[in-house]
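This report concerns pairs of oppositely charged side chains. Please consult the sequence and the structure shown here while reading.

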Amino acid sequence: MLTLYNLATIAAATIEKAKLYSEVQNYAQQLEETYLSTIESLAKAFEAKDRYNKGHMERVLEYGLAIASELDPNLLNDDVLKLALLFHDIGKIEVPDYILNKPAKLTPEEYEIIKRHPAAGEEILKPVKFLQEVAKVIRQHQERWDGKGYPDGLKGEEIHLYARIVSVADAFDAMTSDRSYRKAMNVEDAVQEILRNSGTQFDPKVVEAFYKAYQNGLIKVENSSNDTENQTTSLG
Ligand SMILES: [Fe+2]
């Protein structure tokens, strides 16, 4: 039978353990926060370098969350989705400036260099345990629903849902922003282009959610160009 003394000892040990546990938790959380702000600085530094991509991270976050809210509002509470939307292109930090800012179409060799960015982004985030799922989504954000994307040629639901969301948000922002080699498309044309690529480049369910979000006024483009010139979807 447990004596009062025993009970008190167990209680004290439990409290001690709980304290230690919460200290470890706090420390781990501090480390996570430090790592996240480091990545954020890295991403911001990259964005400053890529002059045609200013504000891309935040806009992709905004469009992606608008899509997610139509798919399932619970997704809005998941940091993995938010971090993947924000940091999807962080691997582009490894792409030389002359390629990022080239005022003409890329050569096949330059395009191959650009195509390394999803795997490069994965490498940046993967060493941290709590960012591993974000890293996986980032690796997959240039995959296509029909299997013709890169780097792994995954198709359909083999691709993480969040990567399928990033893909639509990313392409929409790329089309509605000026790039070094072309002007922005107008919003209505960009929406039509997303719809046209449903079931080939993009997951039809994600496109449907995107279109609903657009119709509900959740997707707005600031300073959009009125240029109606027809464009193809982005290289990402
Ligand atoms: Fe990308």
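The sections below describe the basis of the model and then selected salt bridges.

## Basis of the model

The model is predicted: local features need pLDDT of at least 70, side-chain atom pairs count only at pLDDT 80 or more, and totals for chains, interfaces and linings use all residues. Residues are numbered from 1 along each chain as its sequence is written, and side-chain values use heavy atoms, with hydrogens and water left out.

## Salt bridges within the structure

Side chains of opposite charge can pair when their charged atoms come close. The structure contains twelve salt bridges, each defined as a side-chain nitrogen of Lys or Arg within 4 Å of a carboxyl oxygen of Asp or Glu.

One of them joins Lys82 to Asp79, with an N to O distance of 3.9 Å. Both residues belong to helix α3 (residues 79–87) and are three residues apart, about one turn of the helix. Helices are DSSP runs (H or I, at least four residues), numbered from the N terminus. Lys82 is partly exposed, at 27% relative accessible area, and Asp79 is also partly exposed, at 49%. Here, buried means under 20% relative accessible area, exposed over 50%, and partly exposed in between (1.4 Å probe, protein chains only).

## A link between two helices

Arg139 and Glu122 form a salt bridge whose closest N and O atoms are 2.8 Å apart. This pair links distant parts of the chain, with Arg139 in helix α7 (residues 132–140) and Glu122 in helix α6 (residues 117–125), 17 residues apart. Arg139 is partly exposed at 22% relative accessibility, whereas Glu122 is buried at 11%. Through salt bridges that share partners, Glu122, Arg139 and Asp152 form one network.
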